[in-house]
Amino acid sequence: MSYDVVIVGAGPAGLAAAIRLKQLCRAADTDLSVCVLEKGAEVGAHVLSGNVFEPRALDELIPKWRQEDAPIRVPVSSDKFWMLTKNKAWTLPSPFDNKGNYVISLSQLVRWMSVKAEELGVEVYPGFAASEILYDENQIVAGVATNDVGIAKDGSKRETFQPGVELRGRITLLAEGCRGSLSENIITNHKLRESGQGQHQTYALGIKEVWEIEEGKHKPGSVVHTVGWPLDMKTYGGSFLYHLDDRQLAIGLVVALNYRNPFLSPYDEFQKFKQHPAIRTLLEGGTVLQYGARTLNEGGFQSIPNPVFPGGAIIGCSAGFLNVPKIKGSHTAMKSALY
């Protein structure tokens, strides 16, 4: 299958790139064929983020999103920063400025963006994981290939077998998210970190749950970040509590993966965190609705490689466009796709 542009990953960066390409086509009265591959069974299935969303990039991409029923409805109403000890929470001046931002579900946002992309003529294919980079005779990236599916453990073909597909594109954009396998392959093979003078990337693990809490404890738009307990002074990390709508609360703990204690378990530290008196009282009487975990780029600006390679570019968190001091990555991922 041949396209003008092949995009791997239907996250905020990949979909923003697809939408902007089609917008530019309309403005120039021309057309480019654009497809987006998504490994999740549906768009948004593999997107996990406790998210305080800065709408700056979306304002540029879809200026009238407020009139188009975007799932961005809960403005930040308060912004607190706590230092935790084992039994107390000390309020500190907040280093963040979330005025004008929104507490959202990023998976709901990318589903909405996928619909907008398809309305413009983008072909979105969920359920297809790109597994291989394709090159032409000049060693220029020429697209991607997907895995064969329906293979039994012994290597035989099941009744559901489907061969992999080659999707060839004049331009290939990799928007796989943090530490995407194809992106890492390209960064290594094309020495993009060296050519961009980027340092090595560092990572953290974020564990998140979505709770439905009691009505009297729910404060839509409330944002809390914490540092300190249960992590020790040698372990980089922190937690978040974001109040969404419908009595829902996103709660999570992020632990940098350079922790020194080999016996430390981020999952167990998260369980401890939920037992803190300031957290436990909030969760009591509530119910867990969803849970998951995700890696995050923590290297910052100095770890961004040269994002351009022969035949395409790496965008979004695949390249490490996470603003670590702001704890924001969605709008920067989209910005990297727009320009």
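1. In this predicted model, three residue pairs are in polar contact across the interface of domain 1 and domain 2, both residues of each pair being at pLDDT 80 or more. By class, the side of domain 1 that touches domain 2 has seven nonpolar, ten polar and five charged residues. Despite the charged residues on that side, the count of salt bridges between domain 1 and domain 2 is zero.

2. The assignment gives domain 1 as 1-51 + 105-201 + 301-338, while domain 2 is made up of 73-102 + 202-298. Their C-alpha centres are 29 Å apart.

3. How many residues of domain 1 are in contact with domain 2? There are 22, and they meet 20 residues of domain 2. The area buried between domain 1 and domain 2 is about 1700 Å², and carbon and sulfur atoms give 55% of that area. Of the area that domain 1 buries against domain 2, Leu48, Cys178 and Gln201 supply 38%, more than any other three residues.

4. An open sheet of three strands runs in the order β3-β7-β4, and its pairing is antiparallel. Why is one side of β3 and of β4 left without a neighbour in the sheet? Strands β3 (50-53) and β4 (74-75) stand at the edges and have a single partner strand each, so one side of each has no neighbour there.

5. β7 covers residues 102-105 and pairs with β3 in the antiparallel sense over four bridges.

Note on methods: Residues are numbered from 1 along each chain as its sequence is written. This is a predicted model: local features need pLDDT of at least 70, side-chain atom pairs count only at pLDDT 80 or more; totals for chains, interfaces and linings use all residues. Side-chain values use heavy atoms; hydrogens and water are left out. Domain bounds come from an automatic or database domain assignment. Contact means heavy atoms within 4.5 Å. Buried area is the accessible area (1.4 Å probe) that two parts lose on being put together, summed over both. A salt bridge is a side-chain nitrogen of Lys or Arg within 4 Å of a carboxyl oxygen of Asp or Glu. A polar contact is a pair of N or O atoms within 3.5 Å; within protein, one must be able to donate a hydrogen and the other to accept it, and residues adjacent in sequence count only if both atoms are side-chain atoms. Ala, Val, Leu, Ile, Met, Phe, Trp, Tyr, Cys and Pro count as nonpolar, Asp, Glu, Lys and Arg as charged, and the others, Gly among them, as polar. Two strands pair if DSSP finds at least two bridges between them. Helices (H or I, at least four residues) and strands (E, at least two) are DSSP runs, numbered from the N terminus.
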